[in-house]
Each structure stands twice: as C-alpha cells, then as structure tokens.
Amino acid sequence: MGKAVPKNILTNSDLEKMVDTTDEWIKTRTGIVERRIARDDETTLDLAYEASLEALSAAGVSAEDLDLIIVATVTPDMVFPATACMLQEKIGARKAGAFDLEAGCSGFVYGMIVADQFIRTGVYEKILVVGAETLSKITDWQDRNTCVLFGDGAGAAVMGPVKKGGMLSFDMGSDGSGGKCLDMPAGGSLMPATHETVEKRLHYVRMDGNQVFKFAVKVMGKTALEALKKAELGTEDIDLLIPHQANIRIIESSAKRLKLPDEKVFVNLEKYGNTSSASIPIALYEAKEQNLLKNDQIIVLVGFGAGLTWGAAVLHWIEGES
Ligand code: UT7
C-alpha cells in the first residue's frame, strides 16, 4: 500500500477566518480538526503518483508488470483523458490497461471489488488500485455547509492472487434517486460551462448534508452485514472496521449498529477530513502502519458516497502471503 497527502494543513481555526464557523462546531458536528489542501499546482495525478510509487515499492512490483490500473476519483485532472492513463504513462506501466472509476466516496471499495474479479478469474495478476482526490479544487470556500468537511489525499494498493486469505466477499449497491443530495451540477453535458454557471457557483460540490447523513447511517451497517453474510461471518468476527471517514457521528452510529467497541473501529478523520475515495485506502494504510492489522484477522472496509453508492469488502488479512 501507499499513501500521499499534501503538506499544507488547513485547521479549523484557519476556517474560522474564512467562513462563519467555529472550531467547536466543526469538532462536535464532524470530528474533523484539520485537513490537507493541495497547492494550486498540485493535482490528483501528483498525489496518485506518489501513493502508487510507494505501493509498488512495498509490494516489490515493477510498474512494467502491472496488468491494470484503476483510479477511483471524482476529481480527475481532466474530464478526459482518464487520470489512470496519465498515471500509466507517468509510472511507465507499459502493458497495463487503465481507467477511472467514479463511485463517489465508495470508489476505492468499488475499485478493489473490480480488481478482485479480474484476479479471481485468473485474467490478471497485478492490479494497481488507487483512490485519489483533490476535493479542495471543487469546494466552494464560501459555503460553510461543505468547505469544513473535505480534504485532499491519495491511497494506493497493489492487488494480486494469494494462496490464503484476501477478499472473502463484498457487497455493493447504488440508489440514483438520491443523486441530487450530493453533486457538482455544472461542467458535464447537462450543464456545460458558461459564464453563467461559473457566476452561479455551479462548478462546486453541492450537498444536502442531512439527507446524506441519514442515508449513510442506514446503509453502512447494512452493506457491512450483507458482505459478512456472504462470507458466512457475523459482526462478532470483525477484528477491525475501516469505515469511510466522513463524519465521526456517522462512524459511531454505524459501529453501534454493528455492536463494535471503539477499539475495533479505525478513525483518522480528525487529521484529514473527508478525502472521498482516498479515505478508505489512507485509513487502511495507517491502520497497517500502526500495527493494527494482525495476521489472520477479519478486516471490513465500508464506504458510501455520491451516486448514491455504497460498498463493503471483507478481507482475511494474512501477513506476508503472496
Ligand atoms: O462522503 C459523503 C459526503 N458527505 C457526508 O458524509 C456528509 C454527511 N452529513 C454530515 O456530515 C452532516 O449533515 C453535516 C456535518 C454536513 C452537518 O451536520 P448536521 O448535524 O446535519 O447539521 P445541520 O445541517 O442540521 O445544520 C445545523 C446548523 C444549521 O443552522 P440552523 O439552520 O440550525 O440555524 C447550519 O446552518 O448548523 C449550521 N451550520 C454550521 N454552523 C457553523 C452548517 N455548517 C456550519 C458550519 N459552522 N460549518
């Protein structure tokens, strides 16, 4: 695995100077204390590149041996070509296919599930899955409802066949009827960029926080349970839950539904805010870094996001297996 976050830190007190908010409100309503913000000249590709190099090196895999690259993102460098193709060129993955995957904050889990299918069928052996975002570039810094929530970053993992362990099961779903709860209205074929769309601030994230909140607390426990059921496991088998890092209250409520004690739930959102598709791979990376992923454990990844989408993956963690 690999991780990359911008150096620049934006704290809650910095935000107090930008919009009508307080450190107290942000901490109690979301759990976020600070987030990383990309420089003007730093892009999603830059973060994806840094995380990917670390993941390749940790896995002992050469970019030239990669069969496929999947980049999960809602903030690609350009609408097209795909950021995955830019990454393919930058790391020199000559024989790899490459595409972007857009499933909001569930993107990395979706990406892992897709990669798992290619590996399971024996078609591909080495797949690079990346979750990378620069949400700061599509954040309305005048909107206190959203600008306090997001941050930038990237996480990457090299996936391949294993003799023992790996992804035991997954669940994924979507509900397009909730799409308008969380979107970026302009810039697509529905509303191409015009002076008017820019003036109306339609090229920024727009969110009905309450609706997304209600959806998230309902779906996170449900999708985790579905995935566990497919692996013939129960919540008591979970050693560590790695949830999408959007809001501490959402995480706590999902943990309660799954009857998990605090020590079985990984949280790092106080440092990074919501980094969308990068949040789960960064959390997984840091859980490993903190020695929380132990041999023979059951790790459950669970995400939700724009679309609306959700997804969970049950991993049987075997150290040193390949
Ligand atoms: O990855 C998926 C993406 N999104 C999410 O996961 C977000 C899910 N939603 C949330 O996390 C929460 O709904 C929020 C953190 C966005 C909001 O928390 P809430 O407890 O649902 O608050 P609210 O929207 O009900 O707002 C309560 C009040 C409102 O004032 P009034 O109308 O009661 O006077 C807001 O205007 O808080 C106000 N408010 C703020 N006050 C200070 C909203 N944002 C801020 C702010 N600072 N930054």
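This is a predicted model: local features need pLDDT of at least 70, side-chain atom pairs count only at pLDDT 80 or more; totals for chains, interfaces and linings use all residues.

How do the residues of the shell around the ligand divide into nonpolar, polar and charged?

1. The shell divides into 11 nonpolar, 8 polar and 4 charged residues. In total, 23 residues surround the ligand, and the closest are Thr21, Arg29, His244, Asn247 and Asn274.

2. The side chain of Thr21 places an N or O atom 2.6 Å from a nitrogen atom of the ligand. For Arg144, a backbone N or O atom lies 2.9 Å from a ligand nitrogen. Arg249 has a polar side-chain atom 2.8 Å from an oxygen atom of the ligand. On its own the ligand has 950 Å² of accessible area, and the protein covers 74% of that.

3. Which helices supply at least two residues each of the shell? They are helix H2 (23–30), helix H6 (144–147), H8 and helix H9 (248–257). H8 gives the most, with 4 residues.

4. Now to the sheet. It is open and mixed in pairing, with 4 strands in the order E8-E13-E12-E11. Strand E8 (166–174) and strand E11 (240–243) are the edges, each pairing on one side only. From one strand to the next, the twist averages 15 degrees.

5. E8 and strand E13 (residues 309–317) run antiparallel and are joined by 8 bridges. Within this pair, Phe170 has Ala313 in E13 as its bridge partner.

6. Helix H8 (residues 209–230) links both topics: besides its 4 shell residues, H8 packs on the sheet, touching E8, E11, strand E12 (297–305) and E13. The direction of H8 makes about 145 degrees with that of E12.

Terms used:
Residues are numbered from 1 along each chain as its sequence is written. Side-chain values use heavy atoms; hydrogens and water are left out. Two strands pair if DSSP finds at least two bridges between them. Axes are lines fitted to C-alpha atoms, for helices over the stretch in contact, and angles run from 0 to 180 degrees between N-to-C directions. Contact means heavy atoms within 4.5 Å. A residue is near a molecule or strand if one of its heavy atoms lies within 4 Å of it. A polar contact is a pair of N or O atoms within 3.5 Å; within protein, one must be able to donate a hydrogen and the other to accept it, and residues adjacent in sequence count only if both atoms are side-chain atoms. Accessible areas come from the Shrake-Rupley method with a 1.4 Å probe; for residues, only the protein chains shown count as cover. Ala, Val, Leu, Ile, Met, Phe, Trp, Tyr, Cys and Pro count as nonpolar, Asp, Glu, Lys and Arg as charged, and the others, Gly among them, as polar.
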